[in-house]
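Subject: Handover of a structure for your study

Dear colleague,

Please find below the structure that I am handing over to you. After it, I set out what was found in it.

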Amino acid sequence: MLKIENLHASVEDKEILKGINLEVNAGEVHAIMGPNGSGKSTLSAVIAGKEEFEVTEGSIKLDGEDLEDVSAEERAHKGIFLSFQYPVEIPGVSVTNFIKTAINESRKARGLEDMPANKMLKLIREKSELLDIDRKFLSRSLNEGFSGGEKKRNEIFQMAMLEPKLAILDETDSGLDIDALRIVANGVNKLKSKDNAVIVITHYQRLLEYIVPDFVHVLHNGKIVKSGGKELAIELEEKGYDWLKNEAVVE
Amino acid sequence: MDLKDKLISSFMAFENNVDIEHPVHDVRTEAMKNFELKGFPSKKEEAWKYTSLKSLQKTDFSIFPKEEGNTLEYKDVKRYFLHEIDTYKIVFIDGIYSSYLSETTHDGVDICLMSSALTKPMYKPVIDVYFNKVASKDESLTSLNTAFSREGAYIYIPKNKMPKKPIEIIHFATGNEASLLLQPRNLIIAEENAELQVIERHQSLTSNEVLTNSVTEIFAADSAIVDYYKIQNDAENASLIDNTYIDQKNKSVVKVHTFSFGGKLTRNNLNFYQNGQYIDSTMKGVTILGDKQHVDHHTLVHHIEPNCESHQDYKGIYGENSTGVFNGKIIVDKIAQKTNAFQQNNNILISDKATINTKPQLEIFADDVKCSHGCTIGQLDEDALFYLRSRGIPKKEARALLMYAFANNVLESVRIPELKARINKLIAKKLGVNLGFDL
């Protein structure tokens, strides 16, 4: 589904990604771990199409199509979803109106009519129940005054509504207490299917106890320095990242 | 002949048509003297540094509206009214009152015409007490309006009364004249514990030149509540100089919202005088400009007595070659202790050629006060834009949503839901988007 080859990306002439190779197939869950500043968030933003980052070498392909000249909104229309570490507050626009706009823009891009109101309502009800979201929450201004946990739950709610092919969860566990973490992880697990894929970006192993990855990749200094199964995450938790940093130098 | 000379010579003709024996005419004569002395303000004056009236002064404006007046069909101008709800209406066409489009009342409250108030004996006691009592006798354009004051809206709400519905004051210009000068004069009085809501609009219907030099005096007695909404979304060659003077007494609450979305040149002189204690004065504005439009907001709050509050929140979005000015003056007199005065002016420039000049001006003579002011000039937040686009919302719509969100808190205090919906639609239209839902 997603194929990243020798990806180099820079911001303001500073190279942050230095040759990433990653292949994600439908039905898989990949975890990308690594210390602060290793390039995790940059990788997620580059996949989602943030223009500030310049891809200087290599390619990102979704279902065989090169995404080089594809805008962020078009990537969303093609089924890429990024759950933000720091979602933006939009005063005056309710969660419901925002998600309606997002869904209908995607439908428009696919040549479909707006989703009928009753169908939209049913979908909203269904997905908010899945994530234990109160109806009152949906009429609040998007992310305005939301707690950390509410913001993350709202991100996953949007993911549930948009039903992406590829979901990237960027530090979704940060700022969550254990109950919120469980709700969010449960939501993600329920949305998983053989047709979609998830990339979990995290600093800690904690979230991976709930969203169990098929593959774990360690990112360091803009490169994937080690890949393995879920046991790699546990090893990292025990040993920290330092032993890998040394390994990278040896390479 | 330049405009000043034309106005001076027109004053004599004007005197043939008004009752010069009425005491109001002494006020007019005094005002004319002041205008003769001072003339139009120039850019050399600090208060007019960024707004030039030069080209307007070269225009050969018609000074007197044609008495026979023009007619308009309601269906053709319906969209300028807040037609979703029932309102009182005081409507003028090219400066002449249109009884056909208006809905006035004398049922417990007076919602009618300045021309009646200035001529009929029954209104004389009120006119004696209030007319030209808060408006400046020094400022030349206010004096010019006072000199020619004859028509406008007159609203008197007695103690403990509240009109059944909001009041709309609308001035239409039909383009009947190649260029037209209008000088409406409004007087609004809310007696003790009275309450009212007013929506004011100036609308030119053609691309002919119109200059409106308007003066509104508002008196809010003890515990009175006044909500005043100014919708400035006029045609390309329409200019407005709005001079609004507000006198507030104990515990009164006056809020003025100014929505500036159009017109060629708009100057808002909004002046609050707090003549009492525990007063709340609020000024809010949303300005969204493009093209070569120019808006200049000059606000003044004079804290004269202790224990009062003032709140100012102006948001501006400037595109293309538009220019904006915000000058907010707060004066806190020495005895006005425990004053809370807040001022905020935030701007987004969405074009390299747009300009905003923003200046807070605080003169504080008391020592136990809370005053804050802040102004920002920025661009749209790129991270926020990416967030919206990553949800599939195209760039243009995403930008509009962010601009809407930026201006949103100014709308929260609009207390007429239908008006709020209307403003939201105007904003969406001004931003050139259809977001698929009513903002």
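Arg389(B) forms a salt bridge with Glu73(A), and the closest N and O atoms of the two are 2.6 Å apart. Please keep in mind from the outset that this is a predicted model.

**The contact between the two chains**

The size of an interface is often stated as the accessible area that is lost when the parts come together. Between chain B and chain A, the buried area is about 2,300 Å², and carbon and sulfur atoms give 63% of it. Within chain B, the residues that lose the most area to chain A are Phe386(B), Tyr387(B) and Arg391(B), which together make up 34% of what that side buries.

Arg391(B) also takes part in a salt bridge, with Glu155(A) as its partner and 2.5 Å between the closest N and O atoms. This pair crosses between chains: Glu155(A) is in helix α6 (residues 148-162) of chain A, while Arg391(B) is in the loop between α8 and α9 of chain B. Are these two residues buried or exposed? Both Glu155(A) and Arg391(B) are buried.

**Salt bridges within chain B**

Over all chains, the count by this rule comes to 37 salt bridges. One of them joins the side chains of Glu84(B) and Arg422(B), at 3.3 Å from N to O. Glu84(B) lies in the loop between α4 (74-77) and β1 (88-93) of chain B, and Arg422(B) lies in helix α10 (residues 417-430) of chain B, so this pair ties together parts that are 338 residues apart in sequence. The two partners may also be described by their accessibility. Glu84(B) counts as partly exposed because its relative accessibility is 41%. Arg422(B) counts as buried because its relative accessibility is 11%, and the cut-off for buried is under 20%.

A further salt bridge links the side chains of Asp313(B) and Lys315(B), at 2.9 Å from N to O. Asp313(B) is buried, with a relative accessible area of 12%, and Lys315(B) is buried as well, with a value of 8%. Elsewhere, Lys50(A), Glu52(A) and Asp383(B) are joined into one network by salt bridges that share partners.

**An annotated region of chain B**

An unreviewed UniProt entry carries the annotation "domain: SUF system FeS cluster assembly SufBD core", which covers residues 176-406 of chain B. Over residues 176-406, chain B is 9% helix and 60% strand, and the end C-alpha atoms are 39 Å apart.

Ser214(B) is located in strand β9 (residues 209-220) of chain B. Why does Ser214(B) count as buried? Ser214(B) counts as buried because its relative accessibility is 0%. Leaving aside neighbours within four places in sequence, Ser214(B) is in contact with several residues, among them Asn145(B), His202(B) and Asp242(B).

**Individual residues in loops**

His203(A) is placed in the loop between β10 (197-202) and β11 (215-220) of chain A. His203(A) is buried, at 17% relative accessible area. A polar atom of the His203(A) side chain lies 3.4 Å from the backbone oxygen of Gly34(A). Beyond neighbours within four places in sequence, the contacts of His203(A) include Met33(A), Lys40(A), Glu171(A) and Tyr241(A).

Two asparagines of chain B deserve a note on their backbone. Asn160(B), in the loop between β4 (153-157) and β5 (167-173) of chain B, has a phi near 65°, which is a positive value in a residue other than glycine. Asn193(B) is not a glycine either, yet has a positive phi of about 60°. Asn193(B) sits in the loop between β7 (185-190) and β8 (195-204) of chain B and is partly exposed, with a relative accessible area of 41%.

Yours sincerely,
A colleague

Technical notes: Residues are numbered from 1 along each chain as its sequence is written. Chains are lettered from A and ligands numbered from 1 in the order in which they are written. This is a predicted model: local features need pLDDT of at least 70, side-chain atom pairs count only at pLDDT 80 or more; totals for chains, interfaces and linings use all residues. Side-chain values use heavy atoms; hydrogens and water are left out. Buried area is the accessible area (1.4 Å probe) that two parts lose on being put together, summed over both. A salt bridge is a side-chain nitrogen of Lys or Arg within 4 Å of a carboxyl oxygen of Asp or Glu. UniProt positions are given in the numbering used here, feature names are shortened, and annotations may be inferred rather than shown by experiment. Helices (H or I, at least four residues) and strands (E, at least two) are DSSP runs, numbered from the N terminus. Buried means under 20% relative accessible area, exposed over 50%, partly exposed in between (1.4 Å probe, protein chains only). Contact means heavy atoms within 4.5 Å. A polar contact is a pair of N or O atoms within 3.5 Å; within protein, one must be able to donate a hydrogen and the other to accept it, and residues adjacent in sequence count only if both atoms are side-chain atoms.
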